[in-house]
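Thanks for asking me to look this over. Here are my notes, as numbered points to read with the structure open.

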Amino acid sequence: MAEIEDYQKQLTEVLEARAAWFEKSELAKLKEEFRTFHTAFAGLYNLFLKKGLIIADVYKNEVKISELEVPETGPFEEGDWKDQYSLRLSNYDNQLDFLVNFYQFSVDFLSMEKIKTILGLVRFIDWTKLSSNSEAPNNKATMEVINQAKAGADPLSASIINEGLSKLSRTTGSILSYLKMLSDYNREAYKGTLRTKVLGSLNPGEASSIPLLKKKIAAEMPGQPFYPELLEEINKENSKAGKALRDKVLKQLVVPEDKSKMEAPQISFKGILIEGLNAIGSSNTSINEIAAKLDENAEFLEGRKNGFWDKLKRVIQQMLNKEPDPTIFDVEYIDPIKGVPIKEKVDFSNFRSEMDRKCRTLIALSSRTGAAFNKMQSMSESQLVVLLEKNIRDIQTMHKILGALDDFFKLEAGREDRDKVKGIKPELATMKNAIVKANQRRHEYSAQKEEEEQLKKLGITSGT
């Protein structure tokens, strides 16, 4: 009995130390691996969309996620598998985005059930064993799409595919290793709580009563499920021959020795800023799509002003070699800071030219390979911060004016012709999402730098 009490004391100590180790370093590394995983997948996903190998989900940006959920992994229903596969990938991208940007990475939050769901996400497609002959429907479909993408692929596309697959395979192994450690910790933490809160107050006869145990667990460990296999492990550990099992548990939970004096988690601050630039750069697609719609809307409004005096005015301007009058639209929007309406005159031709110029910049910022990417990597952190903040401000301003133009065109068209005006709300939502992601990276960078400064004041250096 004394041996068991001593073991429970040691178990509590090593569990506390391991939990602190997870919180201080390992969970940050796990999140970084997931960020790399998602970035690699997003590169492939966007490439598949661009090449028309999968179908865009028009409702993708309207999905609201409150908890992780593994997308469908079963056989495709009869019909067009491409439609079903496209929706699965869209859902998968949303789930990974939620996991990386909004999920809580803490020991208390990541229960065994949550880890099980995360494992399901990691294994949704087995990036380490992709095969056209796979029995897993998602694996087989993914391999088929990859083969189509590789057929006649240009060097840039081939690079994105190869680099993406390599990163997904590597990070899958690393992530599974972290999740295994977390799962093992949770099992022993559950058993430790079971020992102290439930079994400690029961005699041997009561401890073997399953109905009584379930009742006690519900009372003492609310919200925790009942795992009979873990109870069986405790019984084996408490047996006369259980010392070897107890020693194995303690050895498994001991925090690996840190040979450096005090080492803070190594985080690539520059990488966070480049991810922010990639995020804001991704808005180039939406802006291009909006530009095409705005051109049609402006042409539609101009077409309505084609009376006799309008035609005569244009003829006179041509005769006098005068430039046509600029197209000025009077728009109105709400100031996001003061909350008051602001009126602004928009020179449409100049604004459209600015959109085109900005798109060229954004395309470069969205690059994850090539000369533009190498240029960003060669920049200092301070230069990257200035570049990121400037582009966030520019896109925020553009988003505000585009929203006002959308309202303006619909109002000018009138109720009878409103259906002829091309709406841009979905594209604006995608732009907004890019702004949010870029801002998240900017704030994450600031928080990491502040933490680094605090560590320096304490005499702790990162990566020493």
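1. A definition to begin with: the expected span of a helix is 1.5 Å times one less than its number of residues. This is a predicted model, and in it helix 1 has 49 residues and reaches 67 Å from its first C-alpha to its last, close to the expected 72 Å.

2. Do look at Glu-23, where helix 1 bends by about 50°. After the helix comes Gly-52, with a positive phi near 75°.

3. Now for the packing. The largest nonpolar core holds 55 residues, and Leu-30, Phe-34, Phe-48, Leu-89, Ile-118 and Trp-127 have the most contacts inside it. Helix 1 is the biggest contributor to this core, giving 17 residues.

4. Which residues does Phe-48 touch, leaving aside its neighbours within four places in sequence? Its contacts are Leu-53, Ile-54, Leu-89, Val-145, Ile-146 and Ala-149. There is also a second, separate core of 46 residues, with Leu-277, Met-379, Phe-409 and Ala-438 among them.

5. Aromatic pairs number 19. One of them is Phe-41 with Tyr-45, stacked at 5.9 Å centre to centre with 20° between the planes. Both residues lie in helix 1, four residues apart, and both are buried.

6. Phe-348 and Phe-409 make an edge-to-face pair, 6.4 Å centre to centre and 85° between the planes. Phe-348 belongs to helix 13 and Phe-409 to helix 15, so this pair ties together parts that are 61 residues apart in sequence. Both Phe-348 and Phe-409 are buried.

7. Finally, a charge over a ring: the charged end of Lys-114 sits over Phe-109, 4.7 Å from the ring centre.

How values were computed. Residues are numbered from 1 along each chain as its sequence is written. This is a predicted model: local features need pLDDT of at least 70, side-chain atom pairs count only at pLDDT 80 or more; totals for chains, interfaces and linings use all residues. Side-chain values use heavy atoms; hydrogens and water are left out. A nonpolar core is a set of buried Ala, Val, Leu, Ile, Met, Phe, Trp, Tyr and Cys residues joined through side-chain atoms within 4.5 Å. Buried means under 20% relative accessible area, exposed over 50%, partly exposed in between (1.4 Å probe, protein chains only). Helices (H or I, at least four residues) and strands (E, at least two) are DSSP runs, numbered from the N terminus. Contact means heavy atoms within 4.5 Å. The bend at a residue is the angle between axes fitted to the seven residues ending there and the seven starting there. Rings of Phe, Tyr and Trp (its six-membered ring) pair if their centres lie within 6.5 Å; planes under 30 degrees apart count as stacked, over 60 as edge-to-face and the rest as tilted. A charge sits over a ring if NZ of Lys or CZ of Arg is within 6 Å of the ring centre and within 35 degrees of the ring normal.
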